[in-house]
Amino acid sequence: MSLFNVYPLYDITPVSAKDVYVYDDKGLEFLDLYGGHAVISIGHSHPKYVAAISDQVSKLGFYSNAIQNPMQVELADKLEALSGCKDYQLFLCNSGAEANENALKLASFHNGKKKILAFRNSFHGRTSAAVAATDNPKIVAPINAQQKVDFVDLGDLDVVETILKQNDTCAVIVECIQGVGGLDQSTTEFYKGLETLCKQYNTALIADEVQSGFGRTGDFFAFQKHNITPDIISIAKGMGNGFPVGGILIHPSIEASFGLLGTTFGGNHLACAATLSVLNVLEEEKLMENVKNMSNYFQEKAKTLPNLKSIKGRGLMIGLEFDFPITDLRKKLIFEHHIFTGSAKNPNLLRILPPLTIQKKHIDLFFEATCKVLKTL
């Protein structure tokens with residue numbers, strides 16, 4: 001049986017990894033500055049992560065959500081303590097797309113409305129309503145397009161209010177720092193204005209923290225810089241450090257009832273063990289402090305690059321925008337210097353999403369290699 005061909009693949013086969021390095025089947029060492037789409041948060045094969053999953057799978061890997069699972073309660077309490085999101089409720093699922101699906105569904109249940117407001121260059125997933133709210137028509141099938149979504153320029157409160165006044169929008173979903181779209185972000189004034197409008201027009205505000213959450217920006221969540229209180233927060237990627245985990249944090253103003261949401265695998269014992277180990281390492285190793293320090297160092301080094309148009313993003317969610325397409329730059333970094341980086345919808349933007357354990361010496365390697373490549377382009 002052949003694989004369904006959905007991705008163009010680089011001819012690299014990883015077989016092991018440790019901290020910020022990945023090793024292929026030929027014994028080559030690659031510096032990972034992309035973290036598998038921002039998934040690797042506490043570093044590849046962190047010993048506490050490996051121990052937590054290994055210990056849990058030796059006892060119980062999975063059982064139904066129809067029975068008690070105290071690990072979910074422990075996880076919810078730990079997440080509340082570290083994130084500062086007091087009194088929210090936690091629903092666990094398996095991925096970022098699934099988190100956003102549940103967020104949108106819950107918003108519609110809550111206020112009885114059915115349209116979505118999203119922003120241009122957004123990316124919220126590849127499933128049903130989540131892909132309809134993603135600003136990329138190429139990945140939206142006709143069955144998804146039945147969902148009614150209004151796309152607005154990030155930062156345009158006037159158009160947002162014009163739409164919300166019509167009283168049929170169940171949710172505004174926003175990435176405070178856009179991921180796939182190209183690391184664009186707006187102002188605190190905009191995000192606070194968005195919160196005010198959502199409250200005024202009985203619309204749920206969903207903060208998509210799938211890529212930016214779990215310390216990647218230096219705050220636990222990206223929205224916290226703007227001092228807003230979303231109704232729902234979607235999470236995934238870095239929360240499991242590679243184990244498939246997702247979830248939503250739900251404001252206490254939204255009441256639970258049986259049947260609203262459900263999942264088979266969400267919140268299973270292994271997922272809880274993985275996420276708890278991530279939270280513990282984030283706290284014990286002060287990784288959010290490291291994010292801020294390494295981000296400052298990275299951005300100072302970046303200012304010396306030739307042909308650099310702008311530096312986007314925050315923390316270790318960084319975009320380097322050049323005045324030319326970065327396809328060849330990225331290929332040379334991979335195949336000549338063995339460094340993984342990422343691309344974006346913006347063809348001139350190189351995305352940097354390393355493990356939060358990265359150190360100055362790794363950043364130095366990247367800039368040495370990048371300067372060499374730029375001289376050859």
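## Helices α2 and α8

In this predicted model, the axes of α2 and helix α8, the latter formed by residues 269-284, approach to within 9 Å and cross at roughly 155°. Because angles over 145 degrees count as roughly antiparallel, α2 is described as roughly antiparallel to α8. The crossing in which α2 passes α8 is right-handed.

On the α2 side, the contact is made by K48, Y49, A52, I53, Q56 and V57, while α8 contributes H269, L270, A273, A274, S277, V278, V281 and E284. Sorted by class, the residues of this contact comprise nine nonpolar, three polar and two charged.

## Helices α9 and α11

Another pair is formed by helix α9 (residues 287-302) and helix α11 (residues 360-376), whose axes come within 10 Å and cross at roughly 20°. With angles under 35 degrees counting as roughly parallel, α9 and α11 are therefore roughly parallel to each other, and α9 passes α11 in a right-handed crossing.

From α9, the residues M294, Y297, F298, K301 and A302 take part in the contact, and they meet K360, I363, D364, F366 and F367 of α11. The contact of α9 with α11 holds seven nonpolar and three charged residues, with no polar ones.

## The loop residue H44

H44 is found in the loop between α1 (35-38) and α2 (47-57). Its relative accessibility is 14%, and because buried means under 20%, H44 counts as buried.

The side chains of H44 and D32 are joined by a polar contact of 2.8 Å. When neighbours within four places in sequence are set aside, H44 is in contact with A17, K18, D19, Y21 and V22, as well as with D32.

How values were computed:
Residues are numbered from 1 along each chain as its sequence is written. This is a predicted model: local features need pLDDT of at least 70, side-chain atom pairs count only at pLDDT 80 or more; totals for chains, interfaces and linings use all residues. Side-chain values use heavy atoms; hydrogens and water are left out. Helices (H or I, at least four residues) and strands (E, at least two) are DSSP runs, numbered from the N terminus. Buried means under 20% relative accessible area, exposed over 50%, partly exposed in between (1.4 Å probe, protein chains only). A polar contact is a pair of N or O atoms within 3.5 Å; within protein, one must be able to donate a hydrogen and the other to accept it, and residues adjacent in sequence count only if both atoms are side-chain atoms. Contact means heavy atoms within 4.5 Å. Axes are lines fitted to C-alpha atoms, for helices over the stretch in contact, and angles run from 0 to 180 degrees between N-to-C directions. Angles under 35 degrees count as roughly parallel, over 145 as roughly antiparallel, 65 to 115 as roughly perpendicular and the rest as oblique. A crossing is left-handed if the near helix is turned anticlockwise from the far one by less than a right angle, and right-handed if clockwise. Ala, Val, Leu, Ile, Met, Phe, Trp, Tyr, Cys and Pro count as nonpolar, Asp, Glu, Lys and Arg as charged, and the others, Gly among them, as polar.
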